[in-house]
Amino acid sequence: MIVETCCDSITAMYAAVIAGTDRIELCYDLSCGGVSPHHADIDEAGTLKGLPVNVLIRPRGGDFVYDEKEIEKMFYKIAYCANCGLNGVVIGALTKEGDVDMELCRELVSVARTYGLSVTFHRAIDEARDIFQALEDVISLGVDRVLTSGGAPDAWTGRETIRRMVEQAAGRTIILPGGGVTPENAVALAEYTGVTELHGTRTGIIRAVRGTESYPERNEEPITK
């Protein structure tokens, strides 16, 4: 089981490193669901070696319908992350009608791939008018994973939908439950939905998951600055 830790500060990032997280999603201001981190934090994350860091590309809180200036910021931030040597980006956008903004998202994915970045589609999918159609659209974009709470306030409440999304994806992309994942529900959530990755802010999730499995030693280079 891969555990991705969502970190909204450099302090949280290093706490996750110490706890042994498998991957970090770096963002800022979780009170609004997260926005893109400051350049200084991206710079610092770029100094880590041996641990993948994905950066949230979201210019503001609120809805996921963006204007031209906000879109320009998104493309710039993707390039900045690539230049800092980070692993990937976390993107997403919707139309006013509540569908995946395929034109914009296709461009975002294309630019990210040009830089060799991994791509996660974020919880904008939870606000789509049809989450299963949205998943099919997102899969067609060729993203590596989809972060979702199953369209519910939290992943445990949305576990049935997440289970159905895993079945629908059928290995074409990774379904990554996030939102309200805790040390108390992480194992049960994974078992019920059949996911292979979990996303949360609490490092206790790492201990909870690894307490139920034989976890191999890392094969990567040691994590250093």
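Tyr 80 is buried, with a relative accessible area of 19%. That value falls just inside the class because buried means under 20% relative accessible area. Tyr 76, in contrast, is partly exposed at 48%. The structure described here is a predicted model.

**The aromatic pair in helix H3**

Tyr 76 and Tyr 80 are both part of helix H3 and are four residues apart, about one turn of the helix. A search of the whole structure finds one aromatic pair. This pair is formed by Tyr 76 and Tyr 80, with 6.2 Å from centre to centre and 45° between the planes, and the arrangement is tilted.

**Strand S4 and its neighbours**

Helix H3 (residues 68-83) also carries the chain from strand S3 to strand S4, in a β-α-β crossover that is right-handed. Strand S3 covers residues 53-56 and pairs with S4 in the parallel sense over three bridges. Within this pairing, Val 90 of S4 is the bridge partner of Leu 56.

Strand S4 is also joined to strand S5 (residues 118-121), by four bridges, and these two strands run parallel. Here Val 90 stands opposite Thr 120 of S5.

Val 35 and Val 181 are each located in a loop between a strand and a helix, as set out below.

| Residue | Loop | Relative accessible area | C-alpha separation |
|---|---|---|---|
| Val 35 | between S2 (23-26) and H2 (39-45) | 11% | 15 Å to Val 53 |
| Val 181 | between S7 (174-177) and H7 (186-193) | 5% | 11 Å to Ala 208 |

Val 35 counts as buried because its relative accessible area is 11%. Not counting residues up to four places away in sequence, Val 35 touches Cys 27, Tyr 28, Asp 29, Leu 56, Arg 58, Arg 60 and Gly 61. Among these, Leu 56 is the residue whose bridge partner in S4 is Val 90.

Val 181 is likewise buried, at 5%. Leaving aside neighbours within four places in sequence, Val 181 is in contact with Ala 155, Ala 186, Leu 189, His 199 and Ile 205. Val 181 and Ala 208 are 27 residues apart along the chain, whereas Val 35 and Val 53 are 18 residues apart.

**Arg 159 and two rings**

The charged end of Arg 159 sits over the ring of Trp 156, at 4.1 Å from its centre. Arg 159 also lies over the face of Tyr 192, where the distance to the ring centre is 5.8 Å.

**The chain as a whole**

The secondary structure comprises eight helices and eight strands. Along the principal axes, the C-alpha atoms fill a box of roughly 45 × 40 × 30 Å. Buried residues account for 51% of the 225 residues. Of the contacts between residues at least 6 apart in sequence, 64% join residues at least 24 apart.

How values were computed: Residues are numbered from 1 along each chain as its sequence is written. This is a predicted model: local features need pLDDT of at least 70, side-chain atom pairs count only at pLDDT 80 or more; totals for chains, interfaces and linings use all residues. Side-chain values use heavy atoms; hydrogens and water are left out. Two strands pair if DSSP finds at least two bridges between them. A crossover is right-handed if, with the strands pointing away from the viewer, the path from the first strand over the helix to the second runs clockwise. Rings of Phe, Tyr and Trp (its six-membered ring) pair if their centres lie within 6.5 Å; planes under 30 degrees apart count as stacked, over 60 as edge-to-face and the rest as tilted. Buried means under 20% relative accessible area, exposed over 50%, partly exposed in between (1.4 Å probe, protein chains only). A charge sits over a ring if NZ of Lys or CZ of Arg is within 6 Å of the ring centre and within 35 degrees of the ring normal. Contact means heavy atoms within 4.5 Å.
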